[in-house]
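I opened this model to look up a few local features. My entries follow in the order I made them.

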Amino acid sequence: MCLKNWFKQRRSRRRARIYEGPSMEIDGGTRIRRDTDAPKEITSRELIRFSCRFSGLSLMEEDTQLPRGVYDFGAARGEQGVECTVSCSNPKVLDGERKEWRTDGILTEIDALLRKHNVAQHNGNYYKVSGLPDFYGAKVDAEYASGETLYCYNNQDPFLPVSFVQELCRLFGIA
């Protein structure tokens with residue numbers, strides 16, 4: 001438990017250093033931060049926590065083969081296996097409910113997807129436009145046992161490949 005707290009504190013200090021700035025946001029203002037120290041390749045293969053938020057609101061359903069909505073995926077290693085969650089803002093997906101379960105092995109599959117689609121190339125990028133009515137972009141937050149982190153955020157542009165999100169949907173059982 002002590003090691004887990006150490007990682008949380010370390011990550012919190014790192015984010016504070018990278019994303020520090022004025023807390024007051026002006027409607028329509030843009031905040032761009034790039035962590036030049038963020039690795040573009042993760043060497044560890046032992047993923048311990050993963051969360052992803054993706055908006056398909058600005059994309060055509062015909063192009064993505066995904067129902068429009070904001071998708072939230074989460075997986076974290078716990079004492080009794082990997083705790084997984086998935087939800088979507090579209091009530092047609094999952095009947096508007098949040099799905100939770102426990103499993104093993106899913107973190108290895110998620111790590112493989114992150115590598116296959118080279119999501120680490122976006123590591124350290126933060127782009128936020130204030131005043132948008134809803135979330136229209138993407139966010140990935142992953143933590144590895146080695147202490148390496150993968151964090152990228154953009155509330156305006158869904159920068160993740162659609163094929164990555166489609167495979168996540170299949171993996172989390174909503175496709």
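Is D134 buried, partly exposed or exposed? I find D134 partly exposed, because its relative accessibility is 39%. My cut-offs are under 20% relative accessible area for buried, over 50% for exposed, and partly exposed in between (1.4 Å probe, protein chains only).

Ground rules next. This is a predicted model, so I take local features only at pLDDT of at least 70 and side-chain atom pairs only at pLDDT 80 or more, while totals for chains, interfaces and linings use all residues. Residues are numbered from 1 along each chain as its sequence is written, and side-chain values use heavy atoms, with hydrogens and water left out.

**Entry: D134**

I place D134 in the loop between β6 and β7. Helices (H or I, at least four residues) and strands (E, at least two) are DSSP runs, numbered from the N terminus. Leaving aside neighbours within four places in sequence, D134 is in contact (heavy atoms within 4.5 Å) with L57 and N155.

**Entry: N118**

N118 is not a glycine, yet I read a positive phi of about 50°. Most residues other than glycine have a negative phi. N118 sits in the loop between α3 (106-116) and β6 (125-129). Its relative accessible area is 37%, so I log N118 as partly exposed.

**Entry: α3 against α4**

Two packed helices are described by the angle between their axes and the distance between the axes. The axes of α3 and α4 (residues 162-171) come within 10 Å and cross at roughly 170°. I use axes that are lines fitted to C-alpha atoms, for helices over the stretch in contact, with angles from 0 to 180 degrees between N-to-C directions. The two helices are therefore roughly antiparallel. That label needs an angle over 145 degrees; under 35 is roughly parallel, 65 to 115 roughly perpendicular, and the rest oblique.

Which residues of α3 meet α4? I list I106, E109, I110, L113, L114 and K116 in α3, facing F164, E167, L168 and L171 in α4. By class, this contact has 7 nonpolar, no polar and 3 charged residues. Ala, Val, Leu, Ile, Met, Phe, Trp, Tyr, Cys and Pro count as nonpolar, Asp, Glu, Lys and Arg as charged, and the others, Gly among them, as polar.

**Entry: the core**

The largest nonpolar core has 35 residues, and F50, F73, L114 and F164 touch the most other members. Such a core is a set of buried Ala, Val, Leu, Ile, Met, Phe, Trp, Tyr and Cys residues joined through side-chain atoms within 4.5 Å. α3 gives the most to this core, with 5 residues. I then followed F164: beyond four places in sequence, it contacts F50, C52, L113, L114, H117 and V119.

**Entry: aromatic rings**

I count 5 aromatic pairs in the structure. Rings of Phe, Tyr and Trp (its six-membered ring) pair if their centres lie within 6.5 Å; planes under 30 degrees apart are stacked, over 60 edge-to-face, the rest tilted. F73 and F172 have ring centres 5.2 Å apart and planes at 55°, so I log a tilted pair. F73 is in strand β3 and F172 in the segment after α4, 99 residues apart. Both are buried. For W101 and F172 the centres are 5.8 Å apart and the planes at 75°, so that pair is edge-to-face. W101 is partly exposed at 24% relative accessible area, whereas F172 has 1%. Y71, F73, W101 and F172 form one aromatic cluster.
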